[in-house]
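User: I have a model open and would like to talk it through with you. Can we start with a loop and then work outwards?

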Amino acid sequence: MDMKEFLVMEDQQVLDLVQKRFGIKINGLEDTKNLSTAWKIVEKLKKAGWTIDIRVNAELKTVDGYRFEMGSPRTIFAQHGYRPNFGSITEGICRTGLIALGIMEGEIV
């Protein structure tokens, strides 16, 4: 599966994959109800060497991740000139987390 497939995947499919791959059950992608649970993904990624960059303004909600590989930084989106605008930070954390996991496991290059 490539990065773009994670970005267009149905919301429930994302939540199911988060539960399967991270062992974290999130009941929806609304920030007011689920952001604290989604933050557990950020903590797991941090332990795996990722830095998670979250930016919010009136028009944009972005989540990106980076880590150093072989002495150089690797980002999930920025190095490809891409900055997805998520419907919520919870959604961004879930989708970005799944992509980061895919990168770590060699499923996404």
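User: Where does N27 lie?

Analyst: In this model, which is predicted, N27 lies in the loop that runs between α2 and α3.

User: Is N27 buried or exposed there?

Analyst: N27 counts as exposed, because its relative accessibility is 64%, and the cut-off for that class is over 50%.

User: And what does N27 touch, if I ignore residues up to four places away in sequence?

Analyst: With those left out, N27 touches L15 and N34. As for Q13, which is 14 residues from N27 in sequence, the two C-alpha atoms are 12 Å apart in space.

User: Let's go to the helix before that loop. How many residues does α2 have, and how far does it reach?

Analyst: Helix α2 covers residues 11-22, which is twelve residues, and from its first C-alpha to its last it reaches 16 Å, close to the 16 Å expected at 1.5 Å a residue. The residue that follows α2 is G23, and its phi is positive, near 70 degrees.

User: Which residues of α2 are buried?

Analyst: They are V14, L15, L17, V18 and F22. Viewed down the axis of α2, these buried residues fall within an arc of 165 degrees, so they line one face of the helix.

User: What do the buried residues of α2 pack against?

Analyst: They pack against α1, which is residues 3-8, against α3, and against α4, which is residues 89-104.

User: Then α4, please. How much of it is buried?

Analyst: Of the 16 residues of α4, 15 are buried, so this helix is largely enclosed by the rest of the structure. From first C-alpha to last, α4 reaches 22 Å, close to the 22 Å expected at 1.5 Å a residue. G106 follows α4, and its phi is positive too, near 75 degrees.

User: What about the largest nonpolar core? How many residues has it got, and which have the most contacts inside it?

Analyst: The largest nonpolar core has 30 residues, and those with the most contacts inside it are V18, I26, I41, I76 and I99. Each of α1, α2, α3 and α4 supplies at least two residues of this core, and α4 gives the most to it, with eight residues. As a general point, nonpolar side chains in soluble globular proteins tend to be buried together.

User: You mentioned I99. What does I99 touch?

Analyst: Not counting residues up to four places away in sequence, I99 touches M3, F6, L7, I76, F77 and I108. One of these, I76, is also among the core residues with the most contacts.

User: Switching to the strands: where is R67, and is it buried or exposed?

Analyst: R67 lies in strand β2, residues 61-69, and it counts as buried because its relative accessibility is 17%, where the cut-off is under 20%.

User: Which residues is R67 in contact with, again leaving aside neighbours within four places?

Analyst: R67 is in contact with A48, G49, W50, S72, P73, R74, I103 and M104. For A48, which is 19 residues from R67 in sequence, the C-alpha to C-alpha distance is 9.2 Å.

User: And T32, buried or exposed?

Analyst: T32 is exposed, with a relative accessible area of 79%, and it is found in helix α3, residues 31-47.

User: Last topic, the whole chain. What pattern does the protein chain follow, read along the sequence?

Analyst: The pattern is α-α-α-β-β-β-α, which comes to four helices and three strands. The radius of gyration is 13 Å, close to the 13 Å that the globule rule gives for 109 residues, so the chain is as compact as a globular protein of that length.

Definitions and conventions: Residues numbered from 1 in each chain as written. Predicted model: local features only at pLDDT ≥ 70, side-chain atom pairs only at ≥ 80, totals over all residues. Heavy atoms only, no water. Buried < 20%, exposed > 50% of the residue type's maximum accessible area, 1.4 Å probe, protein only. Expected span 1.5 Å × (residues − 1). Arc of directions from axis to C-beta. Contact = heavy atoms within 4.5 Å. Core = buried A, V, L, I, M, F, W, Y, C linked by side-chain atoms within 4.5 Å. Rg over C-alpha atoms; globule rule 2.2 N^0.38 Å.
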